[in-house]
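Hi there,

Here is the structure I promised to pass on to you. Please open it alongside this email, so that you can look up each place as you read.

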Amino acid sequence: MDTIEQTVKSFILDSFLPGADPNQLEADTPLITGGILDSLATVQLAVFLEQHFKVEIAAHETGTENLDSLALIGAFVRSKLAA
Amino acid sequence: MAMYLLEQGITPLVIEKETFPRYHIGESMTGEAGNLLRALGLEDLLVRNAHPRKQGVNVVARNGNSWWVPVMKRNDEHQLEPAQTWQVRRSDFDRDMMAETIRRGAKWISGRAMQVRRSGDGTVTGAQVKCDDGSTVEVESEVLVDASGQFTWLAHQGVTSAKNPGRYDKQIAIFSQVRNTIRGEGWDGKDRSKHPDNTYIFYADQYHWAWFIPLDDDVVSVGVVSPSSYFSSKGESREEFLRRELAELNPDMTRRLKDLTLIEEARAIPNYSYHITEFTGKGWMCIGDTHRFIDPIFSFGLYVSMKEAQFAAPAIKRYLAGEGRDLPNPFIDHMRRMEGAIDHLQDLIDGFWGASTSFAYLVNNPRTREQLIDLFAGRIYDVTPESHPAILELRALAEKARNSGVLWGEDRRGSGFLAASA
Ligand SMILES: Cc1cc2nc3c(=O)[nH]c(=O)nc-3n(C[C@H](O)[C@H](O)[C@H](O)COP(=O)(O)OP(=O)(O)OC[C@H]3O[C@@H](n4cnc5c(N)ncnc54)[C@H](O)[C@@H]3O)c2cc1C
């Protein structure tokens, strides 16, 4: 995993899955559609991404198309940083 | 409306078909609605009548996740600071407003406006009124303001453009009042989200939600809104439906409603959502519910009616002084401005129902939260993409929802904001 994915993974494990086995959270594990992140957690994750990576994430970008897995999140954040 | 006209030195004639006090729905006010009442010098009256002091609204999902929008005002330095507004039992509030209007000098006919009067070129010149004593009077007007609410009187008279269904017109609201509830708990004088006078919105699935609005120390207004088809499918009476829904719709609401004895008749309003795009003209204008009502979820109704009246009064004064008399629609600027503002409310409501998680992100993100608090308070008339970039973000979210088919109904928003931001 790239550092972005690693950072996000740590955030999710610490915030929403305390005590869970880190190996269970893989790059393509479905986060929202798989029920790991509920709506409040998704909001917290999106705010975290904005603040930690200093990118601006518009509300309409906070759906499953960008946030449903570590891989999607990584690609999304990278595209923001490159813009 | 009448109080704002009096402030402009115009003596209005009010025609009202109801005798007060009478039941009316629409009890929770936005922050700016409270400010309008203060500016009209009505705070003492509201305090004397002990209307609950709303600090904000808690929006609670079925899984218990919630977000909180406090009532905040902008101070002279344009900083947000805590404020409060009111929730009112409309039978008392409307009675008091009518009495105060007359005390301030408005004239009044107790009767029903029946037939509009127009001159050859279509200018509205008055109305035929059937008085409560059985007589009929012909009232002449220079400007006729339709404030008949959901009755949309001028639309029925064929004066406005067509009354089209709004996006939420396949909904039904069923409501009553209860006692013996658990209101905001743990109020310590600091955390305003726990204040016992706050409004709660509980939601279940899309378009399916309930309100909880304290009306005094004891009584709480409760209502359930759902798709009309869902209501019909249950085959229940209004009361049965309301009581079962209140018990089931959202666990936090169930917990708060310990006694489901309804102390008011269970009333219903179906198809309350509509939109009229041409609502001013020569000698006439519509304000409030008479031209557009989207959905009650965020309690904008009373505020929009009052705020539109505040804007309308000086426009009417200018018209009476001769301005725009030769124009086909002397109030067109006013009309566009009102439409553009309500478009923001359409975005708020569509954004919420179309993408509730993304909407919660906008409300809770420190980058946009203050701007959303402004919108919830009702500061929708002077916001621009420069002052409030979040309105663009909200619009993009609402557009995405509208285009993706997750919302029902057609999009008939006005064009004020779009023009302003082009
Ligand atoms: C289910 C539901 C819940 C709502 N909850 C809220 C809420 O919590 N907060 C909020 O701010 N808003 C709420 N609203 C909206 C609110 O009820 C209205 O927006 C608000 O009452 C302002 O409306 P208005 O002044 O345009 O008309 P109204 O308040 O309806 O006043 C219209 C008046 O015109 C009179 N009238 C009508 N026809 C005639 C005639 N032909 N001749 C003479 N008189 C006539 C009527 O008797 C009435 O007194 C809710 C609406 C619905 C449907």
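This is a predicted model: local features need pLDDT of at least 70, side-chain atom pairs count only at pLDDT 80 or more; totals for chains, interfaces and linings use all residues.

Let's begin with helix H9 (residues 301–320) of chain B and helix H10 (residues 332–354) of chain B. Their axes lie 11 Å apart, and the packing angle is about 155°. Angles over 145 degrees count as roughly antiparallel, so that is the word for how H9(B) and H10(B) run relative to each other. Their crossing is right-handed.

Which residues make the contact between H9(B) and H10(B)? On the H9(B) side you will find Val304(B), Glu308(B), Phe311(B) and Ala312(B). They meet His334(B), Arg337(B), Met338(B), Ile342(B) and Leu345(B) of H10(B). Sorted by class, the residues of this contact are six nonpolar, one polar and two charged.

You have already met His334(B) as part of the contact of H10(B) with H9(B). H9 and H10 of chain B each give at least two residues to the lining of the second largest pocket. Nine residues of that lining are nonpolar, two are polar and four are charged.

**H10(B) has another partner**

H10(B) also packs with helix H13 (residues 390–404) of chain B: the two axes come within 8 Å and cross at roughly 55°. H10(B) and H13(B) are therefore oblique to each other, and the crossing is left-handed. From H10(B), the contact takes in Asp343(B), His344(B), Gln346(B), Asp347(B), Leu348(B), Asp350(B), Gly351(B) and Gly354(B). Their partners in H13(B) are Ile391(B), Leu394(B), Arg395(B), Leu397(B), Ala398(B), Ala401(B) and Arg402(B). Here the classes come out as six nonpolar, four polar and five charged residues.

**A helix pair in chain A**

Now turn to chain A. Helix H1 (residues 3–16) of chain A and helix H4 (residues 70–82) of chain A have axes 9 Å apart and pack at an angle of about 125°. This makes H1(A) and H4(A) oblique to each other, and H1(A) passes H4(A) in a right-handed crossing. Ile4(A), Glu5(A), Val8(A), Lys9(A) and Ile12(A) are the residues that H1(A) brings to the contact. H4(A) meets them with Leu70(A), Ala71(A), Ile73(A), Gly74(A), Val77(A), Arg78(A) and Leu81(A). Eight residues of the contact of H1(A) with H4(A) are nonpolar, one is polar and three are charged.

Rolling a probe the size of a water molecule over the atoms shows where empty space is left. How many cavities of 30 Å³ or more are there? The count comes to three. About 150 Å³ of space lies in the largest cavity, which is lined by 19 residues. Those closest to the centre of the largest cavity are Thr30(B), Lys54(B), Val57(B), Val69(B) and Phe376(B).

Which elements supply at least two residues each to the lining of the largest cavity? They include strand E3 (56–60), strand E4 (66–70), strand E14 (199–203) and helix H12 (369–377) of chain B. H12(B) gives the most, with three residues. By class, this lining has twelve nonpolar, six polar and one charged residues.

Most residues other than glycine have a negative phi, and most peptide bonds are trans. Here are some places to look at with that in mind:

- A cis peptide bond, with omega about 0°, joins Phe20(B) and Pro21(B). Pro21(B) sits in the loop between strand E1 (13–16) and helix H2 (31–39) of chain B.
- His78(B) is not a glycine, yet its phi is positive, near 65°. His78(B) is in the loop between strand E5 (72–74) and strand E6 (80–82) of chain B.
- Asn180(B), also not a glycine, has a positive phi of about 60°. Look for Asn180(B) in the loop between strand E13 (171–178) and E14 of chain B.

Enjoy exploring!

Best wishes

Note on methods:
Residues are numbered from 1 along each chain as its sequence is written. Chains are lettered from A and ligands numbered from 1 in the order in which they are written. Side-chain values use heavy atoms; hydrogens and water are left out. Axes are lines fitted to C-alpha atoms, for helices over the stretch in contact, and angles run from 0 to 180 degrees between N-to-C directions. Helices (H or I, at least four residues) and strands (E, at least two) are DSSP runs, numbered from the N terminus. Angles under 35 degrees count as roughly parallel, over 145 as roughly antiparallel, 65 to 115 as roughly perpendicular and the rest as oblique. A crossing is left-handed if the near helix is turned anticlockwise from the far one by less than a right angle, and right-handed if clockwise. Contact means heavy atoms within 4.5 Å. Ala, Val, Leu, Ile, Met, Phe, Trp, Tyr, Cys and Pro count as nonpolar, Asp, Glu, Lys and Arg as charged, and the others, Gly among them, as polar. On a 1 Å grid over the protein atoms alone, a cavity is a set of points where a 1.4 Å probe fits but cannot get out, and a pocket is an open set with protein on both sides within 12 Å along at least five of seven lines; lining residues have an atom within 4 Å of a point. Grid points are joined across faces, edges and corners, and a volume is the space filled by probe spheres set on the points.
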